[in-house]
Amino acid sequence: MIVLRDLLDKIYAINPSTKLVAVSKNVTSKEVLELYNQGQIDFGENRVQELAKKQSELSNLNIKWHMIGRLQSNKINQLISLRPALWQSCDSFKRAKEVDKRLDYKLDTLLQINSADEISKQGVGFDEAIDVYLRIKQECKNLNLVGVMSIGAHTDNVCDVQKSFEMTYKIFENLQNQGAIVCSMGMSQDYELALKTGSNMLRIGSILYV
């Protein structure tokens, strides 16, 4: 059984303006349809080919698809053809330029920030995030930057996770005068902490499917 309503009640009790993106990378279109029938509209995929597959299988539904995983250069054209509602994982100025030059429409985009400074994670560093954001905004006219995304620190130390969220939120605050309206932080294991730190978009997967 997929428990959506209980989760939304819990989320909205902390921040009623939060948007939930249901991560569907480890489930089939059947589970996506079940959630959709309960009112879930936004879904996120880590891989372009899986996004394409589910989008095709569920093409009759009004689903908003988010690309939330690393975008490989050889998948850029395919992603563009799928017209996602939001590309959440723009992880560098170089990648932004690669996508921008191939676009023939405006693509809503988030800059991914590696606020935990972990080698295993993609994204721009905390110290350069604002400069990169402004450079993309200035030079990549087909990318409509609407905010930032990050993944919490990979640790059991709650203080370290909170610090990584707070750093991302600080960048988000500084970019609000540049049109930033989305702060995408928080997944199944840390979404409550992310919400309390200022996140207004969650990317939740495993706890939705039980």
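Q: What kind of model is it, and what are the ground rules?
A: This is a predicted model: local features need pLDDT of at least 70, side-chain atom pairs count only at pLDDT 80 or more, and totals for chains, interfaces and linings use all residues. Residues are numbered from 1 along each chain as its sequence is written, and side-chain values use heavy atoms, with hydrogens and water left out.

Q: How many helices and strands are in the chain?
A: The chain has 8 helices and 8 strands. These are DSSP runs numbered from the N terminus (helices H or I, at least four residues; strands E, at least two). The radius of gyration is 16 Å, close to the 17 Å from the globule rule for 210 residues, so the chain is as compact as a globular protein of that length. That radius is taken over C-alpha atoms, and the rule is 2.2 Å times the number of residues to the power 0.38.

Q: What does the C-alpha trace span along its principal axes?
A: About 45 × 40 × 30 Å.

Q: OK, aromatics. How many aromatic pairs does the structure hold?
A: It holds 2. Rings of Phe, Tyr and Trp (its six-membered ring) pair if their centres lie within 6.5 Å; planes under 30 degrees apart are stacked, over 60 edge-to-face, the rest tilted. Phenylalanine 43 and tryptophan 65 make a tilted pair, 5.9 Å centre to centre with 45 degrees between the planes.

Q: Which parts does that pair tie together?
A: Phenylalanine 43 is in strand 2 (residues 42–45) and tryptophan 65 in strand 3 (residues 64–67), so the pair links parts 22 residues apart in sequence. Phenylalanine 43 is buried at 0% relative accessible area. Tryptophan 65 is buried too, at 5%.

Q: And the other pair?
A: Tyrosine 169 and phenylalanine 172, also tilted: 5.7 Å between centres, 45 degrees between planes. Both lie in helix 7 (residues 158–175), 3 residues apart, about one turn of the helix. Tyrosine 169 is partly exposed at 23%, while phenylalanine 172 is buried at 3%.

Q: Switching topic. How many salt bridges does a search of the whole structure find?
A: It finds 8. A salt bridge is a side-chain nitrogen of Lys or Arg within 4 Å of a carboxyl oxygen of Asp or Glu. Lysine 30 and glutamate 34 form one at 2.8 Å, N to O. Both lie in helix 2 (residues 29–37), 4 residues apart. Lysine 30 is exposed at 57%, and glutamate 34 is partly exposed at 30%.

Q: What about arginine 95?
A: Arginine 95 bridges to glutamate 98, with closest N and O atoms 2.4 Å apart. Both residues are buried.

Q: Which residues do shared partners join into one network?
A: Glu45, Glu50 and Lys54.

Conventions:
Buried means under 20% relative accessible area, exposed over 50%, partly exposed in between (1.4 Å probe, protein chains only).
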